[in-house]
Amino acid sequence: MPITVSPVSFEHHREPLGIGERRPRLSWKTTAEPGWIQHRYEIEVTRDSGEGASSLVVISPDSVLVPWPAEDLATRTAVTVRVRVWGTDDVTPSEWSPAAAAETGLLEPSDWVAQAIAPDWDENPEALRRPPLVRREFAVKKPIRAARLYVTAHGLYEMEINGRRIGHDALSPGWTVYGQRLRYFTYDVTDAVAQGRNAIGAWLADGWYRGRLGFHGGYPNLYGTDIALLAQLHVTHDDGSTTVIASDSSWRAGFGPIITTGLYEGELYDARQEASGWSTPGFDDASWSTMRVVPRDPATLVAPDGPPVRCTEEVAPVGIVTSPSGKMIIDFGQNLVGRLRLRLSGLPAGQEIRLRHAEVLEHGELGTRPLRGAAATDVYIAAGMETVEWEPRFTIHGFRYAEITGMTDGNPMTDISARVHHTDMERTGWFECSDQDVNQLHENVRWSMRGNFVDIPTDCPQRDERLGWTGDLQVFAPTATFLYDCSGMLGSWLKDVAAEQLDDGTVPWYVPVIPGGEEWTPIQPGAVWGDVAVLTPWTLYQRFGDTGVLATQYASAKAWVDLMARRAGESYLWNRGMQLGDWLDPAAPPHDPADATTDRYLVSTAYFAWSSQHLADMASVLGHTADELHYRELARKVREAFAREFISPSGRVVSDAQTAYALVLAFGLAPTEDQRRRGGERLAELVRRAGNRIATGFAGTPLVTDALTGVGEIETAYDLLLEKECPSWLYAVEQGATTIWERWDSMLPDGSINPGNMTSFNHYALGAVADWMHRTVAGMAPAAPGYRSILFRPRPGGGLTSASARHETPYGPASISWTLDNGALSVEVAVPTGCTATVDLPGQPPVPVGSGTHAFTQVAIGS
């Protein structure tokens, strides 16, 4: 078969327009005959400036994140890149890949001439302020070859040029540690700008910058009291000259139809206040306000590392119910994150449509108590037009159900839809098995990831919180990186983790940091949560083959482990200070989710050992030999101290709880094989004694099935997975859940909501079991960074008769499927070009294979 090479990709960008890297690393995927191995490659770089092409031939089998082969890119430089490859025995190369285009953004602070501008009017900083529209007109005197718009804001923005919406992103520029890193986006507006008169305008909103965030009533103005736009338009003419239109005090500000909007509150839109034509030339803005310049250091402006938030799907209603109070409630059949779009007609001026959102019903009414201080209410006031389509712009809700009042005409089943919003990541992972409840569980995991990966990885999408809790992401990252390519998004967020890290190495509970009340103030170091600084970069390296993220985060990771070492001292036990431990252990009371069965200092010391070992591994990859030796020795001493303190000679572990044994087994903390074996037997016994119901929280849940599998208790692991009584993974499925819950019993068996004040129905952390489903139930795992080597190791059980998984690796698609028929196992695996794999089937010696498709049929389990 002919060798074909995919278009090159740049770093982790889905759309490499306005990138921030001068030397972007390149990746490509090759399809060739089975067993083919790349021997060398040639990369050709052509600059749009007309300088001609340059090329470089490299003898290497690498094709993922290879070094940039040409001179550094300058600001606003467009290039096209293509690659061709040779195999080990090839005399002639492959055909060139299709050319891939990329373009840098504004790379130097001096490239910015735009100023951050805010309306020059008085506001009450404690109130929910009316958001402005801002605009200016300009002339383009010469023919246009290309136009680029570079934009960010203090708050949120949506841009328009000549009455046309620019871009399809939402909630831009997202949420970063704004004082140090404010993201800007780049738009190709060549088709929007015309020779002659033009107008440019922006909708602005408070967003995360100055909107009310957090619990206890929230905190406004966390990053400043101003709402501001920073925009710079570059128009390149046919003769090569450039016209720059930049935000400055000459712009004008006025009000539009959005009266108030907030991420928690919802949006109030009065169509009677629409300013028709406001972003087109000739609009009369004489009554609008002047604008003032506000401070913004251009050195803090950064290009994005990953995709923006977008609408990625539209969901139609599945039913309409009338509540006991007589309200119309729309059921979308899926707990999702986004907002509603309405098609309205025949409404008299002043008619009000009110939309309230909730994840569940309780006694037939919207279950809004879990929202706490989030009103999650949108209001549309009609202007009397015949037909209009409307959806909010600057808010987002977590919901399955929407209560609609004031909609007297039309058909809600066809005139209302739910638009799903999240970071627009490429889907890369699929799983299916013969048990439909398990399939639903996996879909619930995927939907919870989608709903909580909204620019940052949040804990929940619906209540007055929605924060980037570090522990939640740390335990979920292996699952997340299989399901979606979240490399760019999480790489960006980890930079903010480092930015918020305290001088002593403390990693905050959530990032970006906002006030948290007395429970979370002052910030204290806590295991599981702080370990995100070490374990998540390592996960990204393992799943995407990216050594760059290890280098970028190494200082942060090292600071975290050094902090634990100082806390532990010569005892090597981290046994003091605040710890959340096995958070949300089902045995913990609703009002105290940290009061778990497992000793919290057992958890913290176990993680101390685990992160120390992984930091040594990071140092090894990066060539920091002295550090590697130091942290390997530290990890050894912590493991020894842990064993002395928490493991008896008989293998019994302090707390004698499922999480305690899971940590010991999964983290390799048992000093002897006999203690490990006895610990495994005890864990299996505890699971059976609990009726196969879950007895783990955030620390234990991601590990317990792996711990059982590792000691040969595979059927016990399946019993745990397949149990349907509460607490269990399938209890929520039996209750009709379509996402993962925060608590095992967020909804009680009688249909009432858990009385705790933290009761989310969309919380991905406890869905971390999906990683085990991918690696053990289906049987596919990376055996080398980036899946360059793959381990196919299915372990059927639990009565399942089939399972499959498919993953778009950095090298191409890999898959496994198996069926079990009367004890005979049939397996088929597909290995991407350039990769190798090991097929390890029950009762059979492992078999090494190369790229291509391989079938293993009628292999009797246990023979």
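Guide: Gladly! Let's start with accessibility: a residue is called buried under 20% relative accessible area, exposed over 50%, and partly exposed in between. Keep in mind that this is a predicted model.

Visitor: Is R372 buried, exposed or partly exposed?

Guide: R372 has 30% relative accessibility, so R372 counts as partly exposed. Its salt-bridge partner is D464, with the closest N and O atoms 2.8 Å apart. The two sit in separate loops, R372 between β31 and β32 and D464 between β38 and α4, 92 residues apart. D464 is buried, at 6% relative accessibility.

Visitor: What does the R82 pair link?

Guide: R82 bridges to E44, the closest N and O atoms being 2.7 Å apart. This pair connects strand β8, which holds R82, with strand β6, which holds E44. R82 is partly exposed at 28%, whereas E44 is buried at 16%.

Visitor: And how buried are D206 and R210?

Guide: D206 has a relative accessible area of 3% and R210 one of 0%, so both count as buried. Their closest N and O atoms are 2.6 Å apart in a salt bridge.

Visitor: Now the helices: at what angle do α10 and α11 pack?

Guide: The angle is about 145°, with the axes 9 Å apart, and the crossing is left-handed. Residues in the contact include Y661 and L665 of α10 and L683 and L686 of α11. By class, the contact has six nonpolar, three polar and two charged residues.

Notes. Residues numbered from 1 in each chain as written. Predicted model: local features only at pLDDT ≥ 70, side-chain atom pairs only at ≥ 80, totals over all residues. Heavy atoms only, no water. Axes fitted to C-alpha atoms, helices over the stretch in contact; angles between N-to-C directions. Helix = DSSP H or I, 4+ residues; strand = E, 2+ residues; numbered from the N terminus. Left-handed = near helix turned anticlockwise from the far one by under 90°. Contact = heavy atoms within 4.5 Å. Nonpolar A, V, L, I, M, F, W, Y, C, P; charged D, E, K, R; others polar. Salt bridge = Lys/Arg side-chain N within 4 Å of Asp/Glu carboxyl O. Buried < 20%, exposed > 50% of the residue type's maximum accessible area, 1.4 Å probe, protein only.
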